[in-house]
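Subject: Structure handover

Hello,

Here is the structure for your files. Please open it alongside this note.

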Amino acid sequence: MFSTIAVPSGKANPHRREVSTVPESEVLRRRNEELEKELKKSIEREEKMKEELQKTWDRLRVAEEAEERLCSQLGELEAEAVDQARAYRTRVINLMDQLSLAQKLLESASISR
């Protein structure tokens, strides 16, 4: 058999609540102060978030305007490129016609000799 030893705890009754010596009004006042501090912090966080949201909104607006300008410029460049390609094609066709005519003249000059 084992022997057991009982060790008394520091508290006489662990389920017994200690009686508060601080008046309830003081407890409520402190809790109210804590809540007011938390509210103030919350309001400050909300203001910061609003400012950050406004800055983000402004950046988005600037980015959209820049996108519109770039699209417009791209459209103008594409139209200019098409015009240049048409002019280049016309020039190449004219040069080919001149070259063909010159070749025919050379051939006719060499046959007549």
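Below is what turned up, starting with the overall fold and moving on to the salt bridges.

First, the ground rules. This is a predicted model, in which local features need pLDDT of at least 70, side-chain atom pairs count only at pLDDT 80 or more, and totals for chains, interfaces and linings use all residues. Residues are numbered from 1 along each chain as its sequence is written, and side-chain values use heavy atoms, with hydrogens and water left out.

Overall picture

The protein chain has 1 helix and 0 strands. Helix H1 covers residues 24-111. The chain has 113 residues, and buried ones make up 0% of them. Buried means under 20% relative accessible area, exposed means over 50%, and partly exposed lies in between (1.4 Å probe, protein chains only). The accessible surface of the chain comes to about 11,800 Å². Carbon and sulfur atoms account for 57% of that surface. These areas come from the Shrake-Rupley method with a 1.4 Å probe; for residues, only the protein chains shown count as cover.

Salt bridges

How many salt bridges does a search of the whole structure find? It finds 7. The criterion is a side-chain nitrogen of Lys or Arg within 4 Å of a carboxyl oxygen of Asp or Glu. Three of these pairs are set out here.

- Glutamate 26 and arginine 29 meet at 2.3 Å, N to O. They sit 3 residues apart in helix H1, so about one helical turn separates them. Glutamate 26 is partly exposed at 22% relative accessible area. Arginine 29 is also partly exposed, at 39%.

- Glutamate 46 and lysine 50 pair at 3.7 Å, N to O. Their spacing in helix H1 is 4 residues, so they too are about one helical turn apart. Glutamate 46 has a relative accessible area of 42% and counts as partly exposed. Lysine 50 is partly exposed, at 45%.

- Arginine 61 and glutamate 65 join through their side chains at 3.6 Å, N to O. They are 4 residues apart in helix H1, so the separation is about one helical turn. Glutamate 65 is partly exposed at 35%. Arginine 61 is partly exposed at 40%.

There is also a network. Salt bridges with shared partners link Glu26, Arg29, Arg30 and Glu33 into one group.

Best wishes

Methods
Helices (H or I, at least four residues) and strands (E, at least two) are DSSP runs, numbered from the N terminus.
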